[in-house]
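Subject: Structure handover

Hi,

Here is the structure I promised to pass on to you. Have a look at it first, and then read my notes below.

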Amino acid sequence: MGVSQHGRTHRLDLADPTLREWECTVLSADPEQGIVLDRSAFYPGGGGQPPDHGVLLWQGVQTRIVGTRKGDDLYLIPAEGDPLPPVGTAVTGALADERRTLLMRTHSGLHVLCGVVFRDFGALVTGGNMEAGEARMDFNLPEVPSDFKARLEELVNSEVTADRAVAVKVLPRDEALALPDIIRTQSNLIPADEQEIRIVDIVGLDVQADGGTHVASTAQIGKIQVVKVESKGRANRRVRVRLVN
């Protein structure tokens, strides 16, 4: 599929995560399968980041988009009962801005958390999940100090206020996998046939393979609260966080 294309859809979301409105054309529209566009900024979900919501505007009509489905094409799922734009229709796509922005801030915050835990505690990620403004991440951490929760929150927010740039680049597979510690999960989740790998670099803190959307610098994340640290087995710790501003 590549980094910029999914089936017939050119993905705008990864090229410019600040894009919220764009013009496009309907390539397919089916009540069971969904809607396929020639160009789309809807993030389809993956890597723990949920899909975007938004609308398609056409000929004075609005079609709400409430999810996505990945297949040979990238299918947008309309709200039940909403009309489908006919094939060939020129439409305006628009994302739910507040949701997308909060998801970007949350996702970048998780990369800061991951970078701090890897750097200061030597732990890899074993799982995770996020919603807009809150998330959890699991780490291979058999033992933690008694002040781990407070210490982790201080370390993470120190990196946020450092205003580190968040840079994105796409590298050939062999070049990307040659980077040290590029896989921060305990198992390698990159498909074996993926020949281009997208790299997200929080400059000076964290470099890893990632396919989601991010803010441009850590200061845009806002303050992160470590809500809870839980034991999930003999060697696993679950860290729950949320954004508080």
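A word on terms before the tour: helices (H or I, at least four residues) and strands (E, at least two) are DSSP runs, numbered from the N terminus, and two strands pair if DSSP finds at least two bridges between them. This is a predicted model, in which local features need pLDDT of at least 70 and side-chain atom pairs count only at pLDDT 80 or more, while totals for chains, interfaces and linings use all residues. Residues are numbered from 1 along each chain as its sequence is written, and side-chain values use heavy atoms, with hydrogens and water left out.

Let me begin with the hairpin. Strands β6 and β7 form it, with two residues between them. In the turn, Q59 has a positive phi of about 50 degrees. The pairing of β6 with β7 (residues 61-70) is antiparallel and runs over five bridges, and G54 sits opposite I65 of β7.

β6 also pairs with β9 (residues 90-95), again in the antiparallel sense, over four bridges. Here L57 faces T92 in β9. Four of the five residues of β6 (residues 54-58) are buried, where buried means under 20% relative accessible area, exposed over 50%, and partly exposed in between (1.4 Å probe, protein chains only).

Next comes T89, in the loop between β8 (74-78) and β9. With 7% relative accessibility, T89 counts as buried. A polar atom of its side chain lies 2.7 Å from the backbone oxygen of P86.

β2 (residues 9-11) and β5 run parallel, joined by two bridges, and H10 stands opposite R39 in β5.

Finally, helix α1 (residues 97-121) has 25 residues and should span 36 Å at 1.5 Å a residue; its end C-alpha atoms are 35 Å apart, which agrees. The expected span is 1.5 Å times one less than the number of residues. After α1 comes G122, with a positive phi near 65 degrees.

Best wishes

Note on methods. Polar contact = N/O pair within 3.5 Å; in protein donor to acceptor, adjacent residues only side chain to side chain.
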